[in-house]
Amino acid sequence: MNPMTQLTVKTILTKPAGTEIEVRGWVKSARHSKNVTFLAVSDGSCFADLQVVVSPELANFESEVKKLVTGCSVIVSGVLSESPGGKQSVELQASSVNVTGWVEDDYPLQKKQHSFEFLRTKAHLRMRTNTFGALMRVRNAASRAIHHFFQSRGFIWLHSPIITASDCEGAGQMFRVSTLDAENPPRTEKGAVDWSQDFFGTLTHLTVSGQLEGETAALALKNIYTFGPTFRAENSNTSRHLAEFWMVEPEMAFCDLSGDAEMAEAFLQSVFKTVLNDCADDLEFFDQRIQPGVIARLQKTIDTPFVRMPYTEAIAALEKSGKDFEYPVHWGMDMQSEHERYLTEEHVGGPVVVTDYPRQIKAFYMYLNDDEKTVRAMDVLVPEVGEMIGGSQREDRIDVLRMRMNECGLDTEHYVWYMDLRRFGGVPHAGFGLGFERMVQYMTGMANIRDVIPYPRVPGHADF
Ligand code: 4AD
Ligand code: MG
C-alpha cells in the first residue's frame, strides 16, 4: 500500500478509455439493481467522482457489492471505458471490488442535504461532503497561491512564534499559556499570582499577530511574510470571528502606506486569479449551490482597481447615506460591520481600501500623520465579509512611538526590543494582515466563518 504508486481520481479522469487502473476511495453513492451496481467513488482529489460499474459476474456481487452504501471504503480495479451518458468522459468497469471498510447503520452522512449547523457537529466526517471537500481544496490552493505570490517576489517566509510575552494589538484579547497549578498558583508577597515561577519565567500568551516579530525580520531581510495560526480571546459570536484563525502578514522595509495598499491589492487579485484557475470545478459548485454570482464577483475583483478612501471621506459618505444604522455614525467611531458593508456593497460596489483612521481607535504601532488626529492605517473592506485585511505604515520615530505606547497604556518594558528597531538603522516600513478564513469566505460565498475551517474554535466550542 504505497501512496506513491496509487492514482487519484483526478488523474484517473484524465486517462483514456482502455486504461487499466485501480481506484481507492469512499463510496459517495451507490445505486443497486438486479443486473448492475453503480458506485460514485470519491477520494477528495477533485470535485468529480469516478463512476464505477459493477456487473453481477463478480464473485462477491451478491454477498458484498450489493450491500455497499454511502461511506464504505473500497479498492476497485478494472478498465476505463467511455461514458457517453455520464458526467465524466470515462467510467470504470470493475473487474474486482474490495471492501476495505463497511459503515455501521448510524453513519450520519446520507445522500440528502444536511444543514451546515448539523455538519458542524460531525466535523470529523464533514470533509467527505461535496461542500467541505471543495472548501479544503480551495483552502489548499489559496495557501499555495499565497506562498507563490510572495516567494516569486523574493519575500522570505518568517516562522513567527506562537507563544509570546507581548500583545501586538494591545487589545488584551489573549489566551494565557501557563503550566502553573490553576487551583493553587504560587503567590508573591502581595498575594498576586507569581508568574516568574511559571514555565517561561513570565506571563505568556498565544499570539494575536506575528507582526512585531515580522517587523524585526523585515528590518534585516527587507521583505518577509508570516503565514500561521493566530488566536483571539474576543467573545464575538459572529459569522466573521474565530478564536483561532490563520493570518498572512507581509512586512516590507522601505515601504509607506500607499505601497502597502498597492501590495495588498496586487496580492488579493493574484491569489483570486490562481484559485479561479486551479479550483474551477470547486468554485463552479459554490457558484451554483452556495452563492450564485460568486465567480463573477471574484472576476470583477480581479479586473477592477480597488477604490481608496480616507476614513474621513468614508464617514461623510455614511452620514450622507440616509441609512438608519444601528450604531450612529460620527467621526472617531470604530466602524461596525453594518457600516463596512454599506461602504463596500452599496456605496462602492466592490472592495474599498479605507485609510487614515483616527488614532484613538487604532493600534499603537501605526504611523501618526501630521494632522496628529489620524494614523496611516488601512483596512481592505469587501462585500459581505467586511474587513478582510488590516494594515498600516509603522511608526518609525522612536519618540512618537513611545508617546503612543504611553497613550495606549502599554508597558514599554516589554517592548524594548521592538523600540530598538527604531534606534538601530530604522527605516519607513509597512505591512498588513490578511484573515485567511475571511478570504476563503469571499472566494466561496460561505456565509459562516465556522464553515470554512476544518475545526472552528469559537466561544464555548473547541470540539474535536
Ligand atoms: O486587523 P487586525 O487585527 O490586524 C493585525 O493583527 C495586524 N497586526 C496586521 C498587520 O498589520 N500585520 O487583523 C488582521 C486581519 C483582519 O483584517 C481580519 O481579516 C482577520 O485578521 N481577523 C480575524 N479573522 C477571523 N477571526 C477573528 N477573530 C479575526 N480577527 C482579525
Ligand atoms: Mg483590523
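Biologist: Among contacts in the protein between residues at least 6 apart in sequence, what share joins residues at least 24 apart?
Modeller: This is a predicted model. A contact here means heavy atoms within 4.5 Å. Of the contacts between residues at least 6 apart, the share joining residues at least 24 apart is 68%.

Biologist: What percentage of the residues of the protein count as buried?
Modeller: The protein has 12 helices and 16 strands. Buried means under 20% relative accessible area. Of the 464 residues, the buried share is 51%.

Biologist: Which residues have the most contacts inside the largest nonpolar core?
Modeller: That core has 61 residues. A separate core of 35 residues includes Val354, Leu368, Leu401 and Tyr418. In the largest core, the residues with the most contacts are Ile146, Phe267 and Leu268.

Biologist: Leaving aside neighbours within four places in sequence, which residues is Phe267 in contact with?
Modeller: Phe267 is one of the residues with the most contacts inside the largest core. Beyond its sequence neighbours, Phe267 touches Ile146, Phe149, Phe150, Val248, Phe432 and Leu434.

Biologist: Is H5 parallel or oblique to H12?
Modeller: H5 spans residues 257-278 and H12 residues 436-444. Their axes lie 12 Å apart, at an angle of about 55 degrees. Roughly parallel needs under 35 degrees, and roughly perpendicular 65 to 115. The angle therefore makes H5, relative to H12, oblique.

Biologist: How many residues of the contact of H5 with H12 are nonpolar?
Modeller: H5 contributes Leu268, Val271, Phe272 and Val275. H12 contributes Met439, Tyr442 and Met443. No polar and no charged residues take part, and the nonpolar ones number 7.

Methods:
Residues are numbered from 1 along each chain as its sequence is written. Chains are lettered from A and ligands numbered from 1 in the order in which they are written. This is a predicted model: local features need pLDDT of at least 70, side-chain atom pairs count only at pLDDT 80 or more; totals for chains, interfaces and linings use all residues. Side-chain values use heavy atoms; hydrogens and water are left out. Axes are lines fitted to C-alpha atoms, for helices over the stretch in contact, and angles run from 0 to 180 degrees between N-to-C directions. Helices (H or I, at least four residues) and strands (E, at least two) are DSSP runs, numbered from the N terminus. Angles under 35 degrees count as roughly parallel, over 145 as roughly antiparallel, 65 to 115 as roughly perpendicular and the rest as oblique. Ala, Val, Leu, Ile, Met, Phe, Trp, Tyr, Cys and Pro count as nonpolar, Asp, Glu, Lys and Arg as charged, and the others, Gly among them, as polar. A nonpolar core is a set of buried Ala, Val, Leu, Ile, Met, Phe, Trp, Tyr and Cys residues joined through side-chain atoms within 4.5 Å. Buried means under 20% relative accessible area, exposed over 50%, partly exposed in between (1.4 Å probe, protein chains only).
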